Amino acid sequence: MVDTLRGAVIGAGIVARLRHIPAFQEATRRGLAELVAICDPVPTALAEAGEQAGIEARYRDYREVLARDDIDVVTIATPNSLHEPIAVAALRSGKHVLCEKPLALSLAEARRMAKEARGADRVTAVNHRYRWVPSARYMKELLEQGEAGEVRQIFMNYFNALVVDPNAPIQWRQTRVEGGGILADIGSHLIDMAVWLLGPIQRVRGDLRTFTPERPAGGNGRATVDVDDAATCQLEFASGAVGILNVSGVCLGRGNYQRIEVYGTAGGLIYEIDWPGDAGGDRLQVCFGAAQHRTAGMAPAPTWPRHEATPLDPFLDFFQAIHDGRDPLVTFDDAVRVQAVLDAAERSAASGGVWVDVPTGI
Ligand SMILES: NC(=O)c1ccc[n+]([C@@H]2O[C@H](COP(=O)([O-])OP(=O)(O)OC[C@H]3O[C@@H](n4cnc5c(N)ncnc54)[C@H](O)[C@@H]3O)[C@@H](O)[C@H]2O)c1
């Protein structure tokens, strides 16, 4: 067992304050890790996050954080375009790295990050946190036990209203150069879930739509939106199963809505997150066998204490993995597989929706 890890959060925006800082605080209570530095070039973000965390060591340049040899781990919560340069620099300075999703802007970037991680022999993790939702954990367990039989189909929806207002100014997420669009933003989570649940995806068809092609930007300016704000993908798994993935940022009334339906030769499962969110808003329903199909249909499957988890668990798993000398549940290699599907879906959409093979290899 190594001593308590000393860590830094790089990027002090929404997710850093909602998850990264509280995760370090929980890790401190458990003796796993403590937060010793925060970094963000925007003074207000840095000050607010610094106050929240009670941290005096505040940096505007991540290179100063990485130069500190008393820091063992960094968590990266910046816009997506900065994931690669910061993660690579962190690995080269000997830090373990948890990076936000999507891992990168492109498959090439993601592969470079994973290669760097392998060479550095450091622990890497990616915050694909929905794997820790209790109902998702139970669904995974039931599928592993074969309760659905041979899985034939998966239907996945992820809806929010992040880009519904055409008058909302453009954000970094809505640009190719910094973000990558809604499929990359929220679709990456469900692709990760799909591969986790059913194994590798080998072919994809993609249809990506931009409903608001132009948005207000800086002063009286306008900016062209060069990424999708809704996407539908058809998926073919190596197992022979097929699937549909719908993601959309223009769904009013849906909050942060997710639904995954899985149907196999022996049963069906429906996982859902609805209001008020994944802390208590998650549900699992199951139907096992023809007898239940004829009588009750889908029935609620309440989770057990062993499925309990919170959105802080991906971080705690990362810290514990470093202590234990093992891989965490979601590694950079896993996120490369997600990025390969995003890459194939985008190439398919650009070619009018033809089937595209998902690149293999990490
Ligand atoms: N896992 C999840 O459920 C989840 C949820 C939300 C966001 N995210 C991911 O987290 C990341 C951040 O998202 P957010 O919603 O917090 O965005 P945000 O815009 O609120 O925060 C990003 C922060 O990074 C800072 N930043 C910019 N350049 C920087 C640099 N060079 N060094 C350090 N900090 C820099 C910005 O000033 C800003 O404060 C994204 O990758 C996003 O996809 C993940």
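Guide: Start with helices H1 and H2, whose crossing is right-handed. Keep in mind that the model is predicted. H1 covers residues 14–29, and H2 covers residues 43–53. Their axes come within 11 Å and cross at roughly 30°. Angles under 35 degrees count as roughly parallel, and H1 and H2 are therefore roughly parallel to each other. On the H1 side the contact is made by Ala 16, Arg 17 and Ile 21, and on the H2 side by Ala 49, Gln 52 and Ala 53. Sorted by class, the contact of H1 with H2 has 4 nonpolar residues, 1 polar and 1 charged.

H1 gives the most to the shell around the ligand, with 3 residues. In total, 23 residues surround the ligand, and the closest are Gly 11, Gly 13, Ile 14, Val 15 and Glu 100. Of these closest residues, Ile 14 and Val 15 fall within the range of H1, residues 14–29. By class, the shell is made up of 13 nonpolar, 5 polar and 5 charged residues.

Next comes a sheet. It is open and has 6 strands, in the order E3-E2-E1-E4-E5-E6, with parallel pairing. Strand E3 (58–59) and strand E6 (124–126) are at the edges with a single partner strand each, so one side of each has no neighbour in the sheet. Within the sheet, strand E4 (residues 73–76) runs parallel to strand E5 (residues 96–99), and 4 bridges join them. Across this pair, Thr 75 of E4 is opposite Leu 98 in E5. Helix H4 (residues 83–92) packs on the sheet, where H4 touches strand E1 (5–10), E4 and E5. The direction of H4 makes about 165° with that of E5.

Two backbone details deserve a stop here. Most peptide bonds are trans, and most residues other than glycine have a negative phi. Against that background, the bond between Lys 101 and Pro 102 is a cis peptide bond, with omega about -15°. Pro 102 is in the loop between E5 and helix H5 (107–120). Asp 121 is not a glycine, yet its phi is positive, about 55°. Asp 121 lies in the loop between H5 and E6.

E17 pairs with strand E8 (residues 201–209) in the antiparallel sense, over 2 bridges. In that pair, Val 356 in E17 is the bridge partner of Val 204.

With strand E13 (residues 257–264), E7 (residues 151–159) runs antiparallel, and 8 bridges join the two. Phe 159 has Tyr 257 in E13 as its bridge partner. With strand E12 (residues 242–248), E7 pairs in the parallel sense over 7 bridges. In that pairing, Phe 155 stands opposite Ile 244 in E12.

A hairpin is formed by strands E9 and E10, with 3 residues between them. E9 (residues 214–217) pairs with E10 (residues 221–224) in the antiparallel sense over 4 bridges. In the turn, Gly 218 has a positive phi of about 40°.

To finish, return to helix H10 and another pair of helices. The axes of helix H7 (residues 182–198) and H10 come within 9 Å and cross at roughly 120°. That angle makes H7 oblique to H10. The crossing of H7 past H10 is right-handed. H7 makes the contact with Leu 183, Ala 184, Ser 188, Ile 191, Asp 192 and Val 195. H10 makes it with Asp 334, Arg 337, Val 338, Val 341, Leu 342 and Ala 345. By class, the contact of H7 with H10 holds 8 nonpolar, 1 polar and 3 charged residues.

Methods:
Residues numbered from 1 in each chain as written. Predicted model: local features only at pLDDT ≥ 70, side-chain atom pairs only at ≥ 80, totals over all residues. Near = placed C-beta within 6 Å. Nonpolar A, V, L, I, M, F, W, Y, C, P; charged D, E, K, R; others polar. Pairing = 2+ DSSP bridges. Contact = placed C-beta atoms within 7 Å. Axes fitted to C-alpha atoms, helices over the stretch in contact; angles between N-to-C directions. Parallel < 35°, antiparallel > 145°, perpendicular 65-115°, else oblique. Left-handed = near helix turned anticlockwise from the far one by under 90°.
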